Amino acid sequence: MNKKIQIVFSSFFLIIIIGCGIDAEDKTRVIQISETIEESKARGVFLSEYRPNRELIKKAWAEIPWVYDTLGNTVKYEGQILYINAKDSIGLSDNRSECEHGDTSNGTMRRNMDYLTYRLTEEELSKDTLIYYIYGGKKRKCMGELLLIKKK
């Protein structure tokens, strides 16, 4: 009787671990973000760094989106994403009228919601200066123009 209970319990726990996926977090399909520009360069996904004209922005850089494969290696995705680390919660708009209405065209990464993301086209990536309008801050309004100047 004791052996049967042992088999039932171990089978039950094995099914829970395999079925629920609690044994390890699956990061293979989740887009990751490099913590630093140096990490981005080390992974081979770095594209460019930008110098902002506003003190609100801590740092900004573009990199190729990446994920982990099943062995934990970096796999590049298609496209380019601009990552902006800001001191306050903001959004970006392409033009002033969208900004005035609070319409932003960006996302955020889950890393404490510190990183604002903006998908870049090849044309935008080739420019030396990117121009956006900032929405947000403490007053939740259009805060004006943001220039991101590509560092050489």
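These legends go with close-up views of a predicted model.

**View 1. Trp66 and Tyr68 make an edge-to-face pair.** The count of aromatic pairs here comes to three. In the pair shown, the ring centres of Trp66 and Tyr68 are 5.3 Å apart with the planes at 90 degrees, so we call it edge-to-face. Trp66 is tucked away as a buried residue, at 1% relative accessibility.

**View 2. Lys41 puts its charge over the ring of Phe46.** The charged end of Lys41 is 5.0 Å from the centre of that ring.

**View 3. Glu49 and Lys151 tie distant parts of the chain together.** Their salt bridge spans 3.2 Å, N to O. Glu49 comes from strand β1 (residues 46-52), while Lys151 belongs to the segment after β10 (141-150), 102 residues apart. Glu49 has a relative accessible area of 21%, and Lys151 comes in at 42%.

**View 4. Arg96 and Glu100 meet in a salt bridge.** Here the N to O distance is 3.7 Å. The two are about one helical turn apart because they lie four residues from each other in helix α3 (residues 96-100). Arg96 is partly exposed at 40%, and so is Glu100 at 48%.

**View 5. Ile5, Phe9, Phe12 and Phe13 make a nonpolar surface patch.** The patch covers about 420 Å². Ile5 is found in helix α1 (residues 2-20) and is partly exposed, at 37%.

Key
Residues are numbered from 1 along each chain as its sequence is written. This is a predicted model: local features need pLDDT of at least 70, side-chain atom pairs count only at pLDDT 80 or more; totals for chains, interfaces and linings use all residues. Side-chain values use heavy atoms; hydrogens and water are left out. Rings of Phe, Tyr and Trp (its six-membered ring) pair if their centres lie within 6.5 Å; planes under 30 degrees apart count as stacked, over 60 as edge-to-face and the rest as tilted. Buried means under 20% relative accessible area, exposed over 50%, partly exposed in between (1.4 Å probe, protein chains only). A charge sits over a ring if NZ of Lys or CZ of Arg is within 6 Å of the ring centre and within 35 degrees of the ring normal. Patches are made of residues with over 30% relative accessible area and no salt bridge: like charges are joined within 9 Å, nonpolar side chains (Val, Leu, Ile, Met, Phe, Trp, Tyr) within 5 Å. Accessible areas come from the Shrake-Rupley method with a 1.4 Å probe; for residues, only the protein chains shown count as cover. A salt bridge is a side-chain nitrogen of Lys or Arg within 4 Å of a carboxyl oxygen of Asp or Glu.
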